[in-house]
Amino acid sequence: MLGERLPVELANTRYAVRGDPRDGLLTTEHLGAWLRDARDRFRTPLADDDLLGVSEAELDVARQLRDAVHELLTAVVAGTDPPQRAIGTVNRVARSVPRWPQLRWGELPTIESGTRGRPVAAALAEIADSAVDLFASPHRDLVRACHAPGCVLFFLKDHPRRTWCSEGCGNRARVARFHARRLAEG
Ligand SMILES: [Zn+2]
């Protein structure tokens, strides 16, 4: 993960290896592992058993939400209108599980999300909430597609000098530029 907002991280489960498109969300185990990596960032508590018990239906919702957010990010970067269907999917997932804020008082007071639904479904709805917040806020204008060779990831340009999704991509882009210059100079 790149430390981006959850909807961007979810969209980035469509990635590429040397330009070859890959899908990091093909099985319920993939979704369980992805949610475990992001577990601390959800208000919905996700227990190990929840992550081991991800259902095919939840995988289906996650993939639909992922593809819808991907379409919205693509549209924002291209400066075009996003497909209504993608907006509909985000909204449908956001309202799919009723949730409410709960105060938890540990070392520091925190907000936990209460639900009578399945925690994984509630966590996916939380990502949809976060997508609604992102696309309806000025942060939308910070969405960028990484243009490093072979990379297809999105990121938020959270500081003016940031050009790449990751340091790794910045290094690869510099190496590629160096070789292009050597070739040009013959
Ligand atoms: Zn990149």
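1. Of the contacts in the chain between residues at least 6 apart in sequence, 59% join residues at least 24 apart. Please keep in mind as you read on that this is a predicted model.

2. Next, the overall make-up. The chain holds seven helices and six strands. Following the sequence, their order is α-β-β-α-α-α-α-β-β-α-β-β-α, so you may find it handy to keep that pattern beside the 3D view as you go.

3. The chain has 186 residues, and buried ones make up 30% of them.

4. Helix 4 covers residues 56-78 and helix 5 covers residues 84-94; their axes come within 8 Å and cross at roughly 135 degrees. Because of that angle, helix 4 is oblique to helix 5. The crossing of the two helices is left-handed.

5. Which residues in helix 4 and helix 5 meet? From helix 4 come Val61, Gln64, Leu65, Ala68, Val69, Glu71 and Leu72, and from helix 5 come Ala86, Thr89, Val90 and Val93. Sorted by class, this contact has eight nonpolar, two polar and one charged residues.

Key. Residues are numbered from 1 along each chain as its sequence is written. This is a predicted model: local features need pLDDT of at least 70, side-chain atom pairs count only at pLDDT 80 or more; totals for chains, interfaces and linings use all residues. Helices (H or I, at least four residues) and strands (E, at least two) are DSSP runs, numbered from the N terminus. A residue is buried if 20 or more other C-beta atoms lie within 10 Å of its own, exposed if 12 or fewer, and partly exposed in between; C-beta atoms are placed from the backbone. Two residues are in contact if their C-beta atoms, placed from the backbone, lie within 7 Å. Axes are lines fitted to C-alpha atoms, for helices over the stretch in contact, and angles run from 0 to 180 degrees between N-to-C directions. Angles under 35 degrees count as roughly parallel, over 145 as roughly antiparallel, 65 to 115 as roughly perpendicular and the rest as oblique. A crossing is left-handed if the near helix is turned anticlockwise from the far one by less than a right angle, and right-handed if clockwise. Ala, Val, Leu, Ile, Met, Phe, Trp, Tyr, Cys and Pro count as nonpolar, Asp, Glu, Lys and Arg as charged, and the others, Gly among them, as polar.
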